[in-house]
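Here are my notes on the model you sent over. Have the viewer open while you go through them.

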Amino acid sequence: MDYLQDHSLYVVAIIATVIWLGVFIFMMRMSNRISKLEK
Amino acid sequence: MSIYLSLSTPVAGGFKDAAMLKMLGVASTTPVMVSLGPAVSSQNNSTQFSATDRFGAERKLFAKNLLNLKSGMVVVGDCTYDAGDSTYELTNVSRTDPAIIFPLVQGLGELGRNILFHVPMSFVAFIAFLVGTINSIQLLRKNDLKYDLRARAASAGGLLFTTLATITGSIWARFSWGTFWNWDSRETSILVLLLIYVAYFLLRQLLEDSEEKKARTAAVYNIIAFVTVPFLMFILPRITRSLHPGGNGMEAPVVNLSGKTHIDPWFSIFLWINVVCFAILFYWMRDLFIRIETAHQKRTPQYN
């Protein structure tokens, strides 16, 4: 718990980056699926 | 990468910020960046350094139980100010020799970095609405339904980024102004803008007519809707009483008539990097929207 409190800035940054990475992966997969549909 | 750096880069001020925030009763500790000079004295795990802050101010700085500190180091840490004997004490060290540092905006603290998300999202929303309007004009001129799809895709992106800018702004308002929503002219104008574009999609969806007529009617509405965008986004909050920067006749830090940005150089660099990143994300979303809708239309009998 102390570690999380001392490094709260990194924790927030990592969580936000993971969320954006999730959006990126979701869009990537969506793009691939549409590509398959378009063929 | 840019998002991670925007959030993890430390915010730090100087000795003046630490003293002012302590005397105003805003914060007992303030993050500061100091360059440690020679140790003046040392006793009982407490070392007194001659330190220089990021603005060049030199003060005596106590460091208790921070044994790893050495002369010549540049450190970011929490600093307390004792008004009684005008001394500064470093209570902890969060970063040593940082490559990038964001400025401490008094009254905002860590919240100041929200400018790197809130402002780029607003910019991209404006770009999206502009692209949507250009597509609507193209539809009216060329009578090609592909421009209707492009206009809808761009306006949907605009609506999404306006919503994100409103959410980030609302969170900012909660901690700076006290409440998530207080009907400030900035907040009201952006809500009106959101409703105008929600109406665009409702109009396009609910009209009972041929696809061509629906597209043309929606295009005319979209062009008229865009006329309100500069007014609601930039003009109205600047000519009315508002807590938002730029209100009450004050010059806004980013978008203003002088054409200069009044923000820290590092903030400025990350702000424009994030504008480009969000613009790329918008373009990608718009492209996906068009491709999904085109695939859907190919499989729906009424379009064939």
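This is a predicted model: local features need pLDDT of at least 70, side-chain atom pairs count only at pLDDT 80 or more; totals for chains, interfaces and linings use all residues.

1. Start with the barrel. Chain B has five strands that close up in the order β2-β3-β4-β6-β5, with mixed pairing. From one strand to the next, the twist averages 55 degrees.

2. For a parallel pair in there, look at β4 (residues 58-64) and β6 (residues 87-96) of chain B, which are joined over three bridges. As background, strands of a sheet pair through backbone hydrogen bonds, in either a parallel or an antiparallel sense.

3. What lies across those strands? Helix α2 (residues 15-23) of chain B does: it lies across β2 (30-43), β3 (46-53), β4, β5 (74-82) and β6 of that chain. Relative to β2(B), helix α2 runs at about 105 degrees.

4. Next, a helix pair. The axes of α3 (residues 115-142) and α6 (residues 211-239) of chain B come within 9 Å and cross at roughly 145 degrees. The crossing of α3(B) past α6(B) is left-handed. On the α3(B) side the contact includes B:Phe126, B:Phe129, B:Ile137 and B:Leu140, and on the α6(B) side B:Ala219, B:Ile223, B:Phe226 and B:Met233 are among the residues involved. By class, the residues of this contact split into 11 nonpolar, four polar and one charged. B:Arg216 of α6(B) also takes part, and Arg is counted as charged.

5. Is B:Thr179 buried or exposed? You'll find B:Thr179 in the loop between α4 (145-176) and α5 (185-206) of chain B. This residue counts as exposed because it has 10 C-beta neighbours inside 10 Å, and the cut-off for exposed is 12 or fewer. Leaving out residues up to four places away in sequence, B:Thr179 touches B:Ala173 and B:Arg174.

6. Finally, the chain contact. Nine residues of chain B and 13 residues of chain A take part. On the chain B side, the elements giving two or more residues are α1 (2-8) and α7 (265-298). The largest share of that side, five residues, comes from α7(B). Sorted by class, the chain B side has seven nonpolar residues, one polar and one charged.

Conventions:
Residues are numbered from 1 along each chain as its sequence is written. Chains are lettered from A and ligands numbered from 1 in the order in which they are written. Two strands pair if DSSP finds at least two bridges between them. Helices (H or I, at least four residues) and strands (E, at least two) are DSSP runs, numbered from the N terminus. Axes are lines fitted to C-alpha atoms, for helices over the stretch in contact, and angles run from 0 to 180 degrees between N-to-C directions. Two residues are in contact if their C-beta atoms, placed from the backbone, lie within 7 Å. A residue is buried if 20 or more other C-beta atoms lie within 10 Å of its own, exposed if 12 or fewer, and partly exposed in between; C-beta atoms are placed from the backbone. A crossing is left-handed if the near helix is turned anticlockwise from the far one by less than a right angle, and right-handed if clockwise.
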